[in-house]
Amino acid sequence: MELDRDTLLKLYRTMTTIRHFEERGVPETGQRGMSASVHSSVGQEAVPTGVCAHLSDDDYIGSTHRGHGHCIAKGVDPKLMMAELFGRSHGPNKGKGGSMHIADMSKGMLGTNGIVAGSVPLAVGAALTSKIRKLGRVAVAFFGDGGANQGVLHECMNLASVWKLPVIFCCENNGYAESTPVEYGLSVANVSDRAASYDMPGFHVDGMDVLAVFEAAGEAVSRARAGDGPALLEARTYRYYGHTVFDNPLTYRTKEEEDHWRARDPLLTFRNHMVAQGNVITAEELDQMDEEARVLMEEAVTFADASPLPEPHEIYEDVYADYPVEMMRRGANMPV
Amino acid sequence: MTTLTETPMLPPPGETRELQTREAINEALIQEMRRDETVIIMGEEIAGGAGREHLGIVDAWGGAFRTTRGLIQEFGNERVLDTPLSEAAFVGTAIGAASTGMRAVAELMFVDFIGVCMDQLLNNAAKMRYMFGGQVKVPFVMLTRIGAGFGSAAQHSESFYSLFSHIPGLKGVCPSDAYTAKGLLLAAIRDDDPVIFFEHKGLYGDTCPVPEEMYTLPLGKARTVRPGADLTIVGISKMTWVAVEAAEELAKEGINAEVIDLLSVSPIDYDHVLDSVRRTHRLLVVDEDTPVCSISSDICARVAEEAFDYLDAPPSRVTPPHTPVPYSRALENIYLPNAERVVNTARRLMA
């Protein structure tokens with residue numbers, strides 16, 4: 001697949017932005033005492049990057065607990081995301097959601113989600129809206145290999161197929177549902193094999209290769225946009241760190257396995273590919289994008305720390321569009 | 001369109017017809033879908049016999065209880081969606097549609113089926129607006145059915161509205177007749193928050209005067225259906241009429257009970273109840289939901305906390321026992337609150 005230079009630049013910029021956000025943002029959030037709710041997606045950058053490159057702000061995605069990459073790939077501002085992780089009021093969610101609920105409706109980002117496969121029906125619903133109103137939008141439902149075994153995903157794949165909805169079910173198979181290896185919990189060899197049950201195409205791609213993801217996702221998105229219905233796209237990838245920062249993955253996987261996957265790092269793979277292609281993009285240009293991402297995260301941390309904390313009264317705000325605040329605090333002997 | 005927010009929430013004189021509750025729900029859905037093309041409805045057997053238009057089959061059922069009859073014929077299968085038997089998928093999908101520009105109504109055939117799709121209400125519908133910092137509204141209505149008394153046993157008879165009242169982010173209404181059903185359903189669909197609309201199976205065939213024009217009744221407001229001075233009886237859904245029957249019996253003994261129809265189970269109109277109790281000094285809640293951690297226990301707690309000094313008797317309740325709904329009529333009849341139990345409890349409170 002021949003890609004133009006601008007697309008290639010964009011793909012790498014997105015990947016390195018995700019990488020730098022995770023490497024900086026996760027420990028910084030931990031230092032501020034909120035690491036329990038933060039999941040790093042380092043190693044998985046190629047998947048959201050390759051998929052979301054086909055989407056505009058009008059298209060929708062639903063994400064997972066490991067969703068920083070989805071947000072960045074869908075165009076959410078990393079500075080605002082950092083503020084959200086720090087629980088600050090300039091976060092897109094005003095500091096009320098944090099890492100597991102980052103949403104930006106202006107970017108079609110229907111939220112990272114703390115429930116495994118939790119955002120899948122939301123993406124299907126967005127696809128239904130698009131179909132009914134003839135908006136020409138598509139939706140992508142991201143989930144992991146753990147989410148692959150959730151009932152709601154299977155119900156949704158069936159429903160989307162029956163209704164021929166413009167939705168792509170995208171499984172980021174990183175090999176582990178928390179500490180449980182995918183081969184233990186999955187009844188078939190590949191998640192994508194299950195597409196047959198729902199009469200939709202199943203794609204299985206190397207999730208460490210952004211160009212492979214981009215190509216398969218392009219086909220799935222084109223089908224959906226043309227009204228040909230849903231597809232299931234499985235990208236085999238790897239998370240370099242534990243499920244959370246408290247998890248030492250070497251209690252359930254080997255150093256050799258980690259080294260094997262790290263040697264196939266998606267940013268490194270892309271860099272080597274560019275060099276092999278005769279420097280369509282030079283190493284210096286890639287270095288420059290890395291540096292810009294590093295600086296951006298520096299700015300993001302500064303911005304987030306400067307963002308005000310939410311005011312106490314905000315605890316009652318946005319629970320409902322319309323509901324008496326008195327009914328939320330009544331009988332609770334609240335200080336505010 | 002009339003908004004009857006300043007009325008005592010009883011049908012106005014004139015300009016009405018007698019409608020069954022079932023017909024009033026149907027009329028509200030049809031009128032609102034005509035008025036607002038973003039309203040869609042989905043669920044199991046909403047039309048029935050789906051996909052067999054080529055055999056001349058359309059609207060085979062019109063809903064398991066005929067509340068959605070005629071919708072697909074007028075609005076087509078893009079806005080009236082029969083679903084596979086996949087509550088988690090279609091309830092979640094409706095919530096997703098509601099958060100992206102539709103006003104989505106989903107029907108859960110019986111509230112007992114909530115177990116398979118509760119996550120969609122609990123973790124998506126109820127929390128999205130808050131978690132997202134107000135970026136999204138979720139104008140989603142879940143129609144569902146409650147009520148024992150039909151020999152349907154434990155998985156088709158519960159009245160578990162208190163499960164939903166416990167969840168911040170959801171609203172809930174329990175209409176008690178055709179008039180309140182139409183007004184509250186129109187209000188629920190137009191509301192920008194997720195609302196659960198509890199239809200009692202035992203009220204579908206009952207009739208009362210209903211205006212033909214559209215009107216909304218306010219969510220979160222109770223109404224007094226029988227004034228009185230000696231005792232406040234709060235009813236919910238069909239239990240309102242059990243309370244009225246008991247009040248009429250008590251009147252023969254010279255006990256003048258005030259009966260409040262709660263109508264909303266989130267928010268709960270505590271002030272309406274408190275105002276009454278401060279006058280009558282006695283409270284009795286009649287609830288078809290089970291008694292532990294319920295609307296009835298909650299109202300008693302609220303009255304004890306805020307009107308303790310006004311009470312001449314302990315806040316009390318008549319409810320089913322803390323058991324599943326039994327099948328045998330011999331047991332189901334004991335399970336359900338009835339006027340006799342209300343009268344006996346009221347007498348104790350007056351003693």
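Colleague: What is the accessible surface of chain A, and what share of it belongs to carbon and sulfur atoms?

Modeller: In this predicted model, the accessible surface of chain A comes to about 13000 Å². Carbon and sulfur atoms account for 51% of that surface.

Colleague: How many of the contacts in chain A, as a percentage, join residues 24 or more positions apart?

Modeller: The share is 72%, taken over contacts with a separation of 6 or more. As for burial, 56% of the 336 residues in chain A are buried.

Colleague: Why is Ala117(A) called buried?

Modeller: Buried means under 20% relative accessible area. Ala117(A) has 8%, so it is buried. The residue sits in the loop between helix H4 (78-85) and helix H5 (120-132) of chain A. Its phi is positive, about 70°, although Ala117(A) is not a glycine.

Colleague: Is Asn333(A) buried or exposed, and what value decides that?

Modeller: The cut-off for exposed is over 50%. Asn333(A) has 75% relative accessibility, so it counts as exposed. Asn333(A) also has a positive phi, about 50°, without being a glycine. Its place is the segment after helix H12 (325-329) of chain A.

Colleague: What area is buried between chain A and chain B, and which residues of chain A lose the most?

Modeller: About 3800 Å² is buried between the two chains, with carbon and sulfur atoms giving 59% of it. In chain A, the residues that lose the most area to chain B are Ile132(A), Tyr320(A) and Arg330(A), together 17% of what that side buries. The contact takes 45 residues from chain A and 52 residues from chain B.

Colleague: What is the omega of the peptide bond between Ser266(B) and Pro267(B), and what is that bond called?

Modeller: Omega is about -5°, and the bond is a cis peptide bond. Pro267(B) lies in the loop between strand S14 (264-266) and helix H9 (270-280) of chain B.

Methods: Residues are numbered from 1 along each chain as its sequence is written. Chains are lettered from A and ligands numbered from 1 in the order in which they are written. This is a predicted model: local features need pLDDT of at least 70, side-chain atom pairs count only at pLDDT 80 or more; totals for chains, interfaces and linings use all residues. Side-chain values use heavy atoms; hydrogens and water are left out. Buried means under 20% relative accessible area, exposed over 50%, partly exposed in between (1.4 Å probe, protein chains only). Contact means heavy atoms within 4.5 Å. Accessible areas come from the Shrake-Rupley method with a 1.4 Å probe; for residues, only the protein chains shown count as cover. Buried area is the accessible area (1.4 Å probe) that two parts lose on being put together, summed over both. Helices (H or I, at least four residues) and strands (E, at least two) are DSSP runs, numbered from the N terminus.
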